[in-house]
Structure formats: structure tokens, C-alpha cells
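Trainee: I would like to go through the labels used for this structure. Can we set each one against its definition?

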Protein chains: 2
Amino acid sequence: MYSVIMAGGSGTRFWPASRRLRPKQLLALTGGRSLLQQTVDRMAPLTPPEQTLVVTGADQAPAVAEQLPELPAGQVLGEPQARNTAPAAGLAAAWVALQDPEAVCIVLPADHLVTGEALFHRTLQRAMEVARSGDHLVTLGITPRYAATGFGYIELGPEAEAGEPRVHQVAAFHEKPDQATARDYLEGGRHLWNAGMFVWRAKVLLEEMLVHQPELAKGLAELIPHLGGPEEAQALERVYPELPKISIDHGVLEKSSRLRVVRADFGWSDVGSWEAMAELWEPDQAGNASQDGEVLAIEAKGNLVSAGGRLAALVGVDNLVAVVTDDALLILPRHRAQEVGRVVEELKARGKKEHL
Amino acid sequence: MYSVIMAGGSGTRFWPASRRLRPKQLLALTGGRSLLQQTVDRMAPLTPPEQTLVVTGADQAPAVAEQLPELPAGQVLGEPQARNTAPAAGLAAAWVALQDPEAVCIVLPADHLVTGEALFHRTLQRAMEVARSGDHLVTLGITPRYAATGFGYIELGPEAEAGEPRVHQVAAFHEKPDQATARDYLEGGRHLWNAGMFVWRAKVLLEEMLVHQPELAKGLAELIPHLGGPEEAQALERVYPELPKISIDHGVLEKSSRLRVVRADFGWSDVGSWEAMAELWEPDQAGNASQDGEVLAIEAKGNLVSAGGRLAALVGVDNLVAVVTDDALLILPRHRAQEVGRVVEELKARGKKEHL
């Protein structure tokens with residue numbers, strides 16, 4: 001069994017804390033450990049460091065390795081170029097298959113938060129049984145807690161086996177819905193959040209790629225002889241940028257008859273923007289919350305502050321996000337937290353590389 | 001002729017930039033020089049360092065001396081306790097009188113800004129003539145530019161001499177008016193802003209103090225033998241805290257028949273709060289202004305930022321003041337900039353001395 005941590009995100013939604021070389025998964029947004037470290041910690045009871053693999057951008061690989069000193073050398077795979085999730089998952093499966101083709105990969109995003117670890121582990125155990133017993137590709141679907149418009153959804157098909165209410169075939173994948181559709185999904189009870197967590201045998205994924213993504217499978221076959229060897233980086237440099245740029249959902253799962261979904265009820269957040277921290281930091285009575293410093297609020301409520309340990313004095317302002325780093329200050333309303341991407345675009349346009 | 005710089009302010013209105021030991025006059029709020037340094041620079045064409053005296057709080061004296069290395073030792077007088085402006089002006093007059101009782105003192109606040117230096121100097125020259133020719137106490141009155149409610153006013157009496165339209169007797173001092181009264185003052189044309197700038201011969205002020213503040217005059221007389229000597233600090237420690245706590249306006253000027261006001265038209269700001277920086281920093285087209293860093297504004301206008309050289313990214317927020325220092329962040333609406341004092345009070349209540 002292997003944990004495969006997908007740490008390819010170069011997300012800009014936590015600017016100015018997140019940067020090109022310090023993406024969200026490397027930030028300690030809650031407590032002292034980064035989201036990546038927390039993800040590895042969370043899997044430690046199931047997979048030791050020797051069975052943990054991280055796939056990340058080549059330029060971020062040194063920072064990733066630094067955060068995970070317990071990982072053996074060579075278990076941080078650097079993508080020379082971001083090609084979406086299908087090549088990344090395929091690369092990891094190829095690497096694992098070289099050790100043991102029958103081994104199960106538990107594929108997890110590096111930048112999500114999970115609460116309720118026991119339930120998380122039980123859910124993964126169930127997913128592994130399904131992946132092993134029928135050579136299935138298993139995706140986890142989170143029971144929605146509200147009408148979210150920020151996630152894709154997995155529509156449940158029939159129960160996969162009688163008496164197994166938590167394991168289903170998949171009727172369809174749906175992109176992020178509008179508000180009305182999200183409400184229908186929530187009420188209908190047959191749509192689950194697509195959290196990007198998967199379980200499969202390494203060889204099963206590679207077989208399904210051969211069928212549904214032959215070009216990708218061919219590229220991976222070219223890579224396999226070099227994985228773990230001295231030519232690995234060079235081979236990746238040559239082959240990886242030519243791989244089809246496609247998600248694992250679109251590229252493989254949607255097309256596969258071996259797909260199953262396991263319903264999951266553990267606490268989960270994709271930590272999608274500063275706004276998400278409203279749930280994850282501990283707010284005071286007025287709803288003001290800070291990552292790591294004291295808030296002194298006078299007639300101020302619902303503000304989210306990340307100020308590098310500074311005392312934050314807020315007077316007469318409501319529902320703002322305020323972030324201070326060594327070289328930048330960001331202020332915007334919480335309901336516009338997603339728009340921090342516009343700042344990053346503008347910085348690019350102005351050529352302000354030092355702030356990217 | 002001596003410049004007497006009154007640097008006793010321990011103002012909290014520029015928190016978190018201003019602190020107990022780093023009051024407003026020591027801050028470089030505009031450009032590279034502090035308000036105190038700019039005040040001394042501005043007087044340099046009239047008075048060399050040997051004729052420049054600063055009165056400040058004893059605990060701030062080291063920082064003041066450090067900012068003004070050109071001043072001869074002993075010309076920063078430290079008040080062991082703040083006793084308002086009458087004792088400070090009296091102390092300076094006593095010090096100057098020891099050098100030359102006939103010398104004229106030009107008394108100026110350390111924490112104001114003046115623009116139009118030539119006109120400023122001409123106005124002071126005129127005030128000195130008035131102070132010298134008739135042994136007058138002269139106060140400057142600034143022609144109001146708007147209906148300000150944040151200043152005291154000087155009501156003009158009759159012209160002091162025929163053909164001298166800029167020199168008047170004083171009919172009355174008025175405290176900060178309400179908005180309607182301020183508008184009447186502005187329209188009436190007979191009320192000038194009280195800027196706390198004065199010109200008088202040292203001995204004339206001391207004479208008038210003897211008449212109108214005999215207790216204060218007695219205290220000063222006790223101090224005089226020790227000024228400039230090795231016992232100065234000790235004498236101040238003993239005598240100063242017992243001096244009457246009263247302003248020079250209330251304590252002496254209002255009572256004196258020798259008072260004259262000279263009308264002044266140079267540009268002046270008392271730099272009363274962060275809000276004042278809207279005029280003093282250069283705003284962009286959307287009215288966003290920063291002390292020393294770039295502002296990247298997206299649908300944001302009228303914001304004032306002091307972020308220690310950081311890039312400030314503002315999205316969808318208007319008319320805020322945002323200040324970042326090494327250990328604090330302040331955010332509040334511009335129209336509530338005065339309320340930063342409430343933050344300082346709260347910090348005191350919480351015993352957070354490191355932030356005061």
C-alpha cells in the first residue's frame with residue numbers, strides 16, 4: 001500500500017502568503033504544520049515514509065523535500081511541467097508498479113484538510129477493500145454539508161453490491177454547479193462532493209490508461225525504465241511535457257467501467273481561499289479570527305486576519321480579509337476572497353516577479 | 001533669535017507607528033525626515049543649531065537628540081513630566097534669557113507641517129518685528145481654508161496699528177467649534193486657526209508670567225540657576241512636576257494686554273491623524289495613497305496605506321486606513337481615524353505594554 005500525495009498546486013488563492021515557490025500546500029495555515037505535512041502525518045498510521053510518494057512541480061520539489069525530511073530520497077517526483085492530474089497519477093502508479101504492481105495507491109491532494117481521522121482511516125480501509133476485491137478504481141465522494149458551488153459533484157449510480165450502501169457505481173461527474181443546482185443536489189441526496197481522493201491498484205490504473213489514454217500510457221511506458229534511476233529527471237524533462245494535459249476524472253475515470261465511489265462522511269475542506277479560514281481558525285464572539293496573532297476588535301466583526309503574529313487592531317470594519325507578509329499587504333472583503341487571483345494577474349502584468 | 005521647538009507630544013493618534021517612546025514628531029510621515037527634523041530644517045535659514053532649543057519629555061530626549069546630532073549638547077531640555085505648554089514655554093524662555101534676555105524666541109510645535117517656506121519665513125520676520133518693536137507676545141493665526149472643527153480659533157480684534165492689516169489685537173480665543181460655528185467662522189473672516197506658533201522676547205514672556213502665573217514664574221526662578229549646569233536634570237526633577245499644568249494660551253496669552261496676532265497664509269497642517277495623510281501623500285487617480293510602498297488597487301478607492309514599504313493590494317475596499325508595523329496591523333475607516341485612541345486605551349487596559 002502506498003500513499004500518493006498530489007502536491008502539484010501552484011494556487012494563487014492564498015496570495016500573498018502563497019507564492020510560486022511556496023504554494024498553498026507548503027503553508028501552515030492551521031497550526032504549526034503545513035497542509036502537506038498534515039496530509040503525510042494523517043497517512044502515517046497506514047503508510048510509513050518508505051511507502052509515501054509525493055508528486056509536485058520540479059521547481060517546488062526542493063521545498064517539498066525540505067518539509068518532509070523523513071521521506072527517502074527519490075520519493076518526491078518533480079513534474080517538469082504541470083500536465084493536470086492524469087499524468088501525475090499515472091507517473092505515481094508507474095513508480096509504485098515498479099515496486100509492486102499489485103500494490104494499492106491511496107491518492108490524496110496535499111492541500112486539503114480532514115477532520116475526524118478515525119473515520120477517515122475507516123473510509124480508506126473500505127475503499128481499499130473495494131479496490132482490491134474487484135480491481136476497481138475507487139473515488140471518494142464526500143456527503144455534502146451545504147449547497148457548495150465551488151466543487152465538482154459525483155452523481156451516485158446503483159449500489160455496487162447488495163447490502164453495501166456506501167459503495168456505488170458512478171452515474172456521472174458534474175462540474176461546479178450554479179446555486180440552484182447545488183441546492184437540488186443537496187436535497188436530492190444522490191450527489192457527493194468530488195474531493196479528488198482515489199484508491200486503486202497501481203497496475204489497474206495503468207491498464208485503464210492503456211485503454212482510455214493510450215498516448216499517456218505510451219509516454220509512461222517510456223518513462224518506466226528510468227524511474228528511480230540516475231536518468232529519471234532527464235527522462236521526465238523529455239517525456240513529461242509531451243503527455244496529454246488532462247484530469248484523471250475526464251481522462252480515465254469517466255470512461256472506465258471499473259469505477260466505484262465510496263461515500264465519505266469525515267470532515268473535509270479543500271481550503272479553497274482565505275474565506276475558508278473562517279471555519280478553520282477559531283473565531284472570537286464577534287466572528288473575528290486570526291491565523292496566529294491577537295485581534296483587538298472595536299465595533300468590528302467577521303474579519304479574518306493573517307498578520308504574521310502581529311497584533312491586529314480593527315475598528316469599525318466588518319467581514320474583511322487582511323493578510324500581511326514580509327513584502328505585501330492584502331485587504332479585501334471576505335465575499336470577494338476568490339478575487340485575489342486578479343491581484344496575481346495584475347502583478348504578472350506589471351512584471352512584479354518578486355511578489356509572485 | 002532662538003528657535004524653540006515644542007516636542008512634548010506623546011500623541012497616540014498615529015498608533016501603531018507612534019509609540020510612547022516614538023511619538024508622532026519623531027516619525028518620517030512624509031519623505032525621509034521626521035516632522036521634528038523638518039521643523040528644525042525649516043528654521044535653519046533663520047537660526048543655526050546653536051540657537052535652536054528643543055523641549056521634550058525626558059524619556060523621549062535621547063531619541064530627540066539622536067535625530068538632531070547637529071544640536072549642541074544641553075539644547076534638548078527634558079521635562080520630567082508633561083505639564084502642558086505654559087511651563088514648557090517658560091522653561092525655554094528662562095534658558096534663552098540666560099544667554100540673552102532681549103533675544104526673541106520663535107516657538108514652534110515639532111509635529112506640524114508647513115508648506116511655502118518663503119512665506120513662512122516672511123511671516124516670522126513680520127512677527128519678530130512686532131515682538132521686538134512693542135515688547136509684544138505674538139501668536140500666529142492661520143487663515144482658515146475650510147470649516148475645521150479640529151482646531152482652536154483666534155478671534156481678531158481691531159488692527160493693532162493703522163495701515164497694518166495683518167497685525168491685530170486678539171478679541172478672544174475659542175475652543176474647537178462645532179460644524180455650524182466653524183462655518184460661521186470661515187464665512188465671517190475674523191477667526192484664524194490657532195496653530196500654536198508664537199514669537200516673543202524671552203524676558204517679555206517671563207515678565208508676563210510673573211504677572212499672570214506667579215507660581216509658575218516662581219518655579220522657573222528656582223530652576224534658572226541650574227539651567228545648563230550639572231544640576232539641571234536634578235533641579236527639573238524636583239521643581240518641574242510641581243509647576244501649574246496649564247496651556248500658554250489659557251495661562252498667559254488670554255490674560256495679557258501685550259498680545260498681538262499676525263495673520264499667516266502659508267500652507268499648514270497639524271497632521272492630526274492618519275486621515276491628514278490624504279492631503280500629504282500623493283494619491284493615485286482613485287485616491288489611494290501610500291506612505292512608502294506601491295498600491296495595487298482593484299475597484300478600491302480613497303484608501304490610505306502605511307505598510308513599511310510593502311506592496312499593498314486592495315480589492316473592493318474604500319476609504320480605509322491600513323497601517324502595518326513590525327508588531328501590529330491597524331485597519332479602520334478614514335472617517336474614524338481619530339478613534340485609534342480607543343485602541344491605545346484598550347491596549348493599556350489589557351496591559352499590553354509592548355504595543356504602547
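**Labels and their cut-offs**

Mentor: Start with A:C105, which counts as buried because its relative accessibility is 1%, and buried means under 20% relative accessible area, exposed over 50%, partly exposed in between, with a 1.4 Å probe and protein chains only. This is a predicted model, where local features need pLDDT of at least 70, side-chain atom pairs count only at pLDDT 80 or more, and totals for chains, interfaces and linings use all residues. Residues are numbered from 1 along each chain as its sequence is written, chains are lettered from A and ligands numbered from 1 in the order in which they are written, and side-chain values use heavy atoms, leaving out hydrogens and water.

Trainee: Why is B:C105 called buried?

Mentor: Its relative accessible area is 1%, so B:C105 is buried.

Trainee: How many disulfides does a search of the whole structure find?

Mentor: Zero, over all chains. A disulfide would be a pair of cysteine sulfur atoms within 2.5 Å.

Trainee: Why does B:T56 count as buried?

Mentor: Because its relative accessibility is 0%. B:T56 sits in strand β2 of chain B, residues 52-57. Strands are DSSP runs of E, at least two residues; helices are runs of H or I, at least four; both are numbered from the N terminus.

Trainee: What lies 2.7 Å from a polar atom of the B:T56 side chain?

Mentor: The backbone oxygen of B:A7. Beyond four places in sequence, B:T56 is in contact with residues including B:A7, B:V64 and B:L77. Contact means heavy atoms within 4.5 Å.

Trainee: What makes the two copies related as by a two-fold axis?

Mentor: A rotation of 180 degrees with 0.0 Å of shift along its axis superposes chain A on chain B, RMSD 0.0 Å. The two copies are therefore related as by a two-fold rotation axis. In chain A, the C-alpha nearest the axis belongs to A:V324, at 3.9 Å.

Trainee: Which strands stand at the edges of the open sheet of six strands, and why?

Mentor: The order is β13(A)-β15(A)-β17(B)-β16(B)-β14(B)-β12(B), with mixed pairing. β13 of chain A and β12 of chain B each have a single partner strand, so one side of each is left without a neighbour in the sheet. Two strands pair if DSSP finds at least two bridges between them.

Trainee: How do you know that β14 and β16 of chain B pair?

Mentor: They share three bridges, in the parallel sense. B:S306 stands opposite B:V323 in β16(B).

How values were computed. Copies are superposed by least squares on the C-alpha atoms of residues with pLDDT of at least 70 in both. A polar contact is a pair of N or O atoms within 3.5 Å; within protein, one must be able to donate a hydrogen and the other to accept it, and residues adjacent in sequence count only if both atoms are side-chain atoms.
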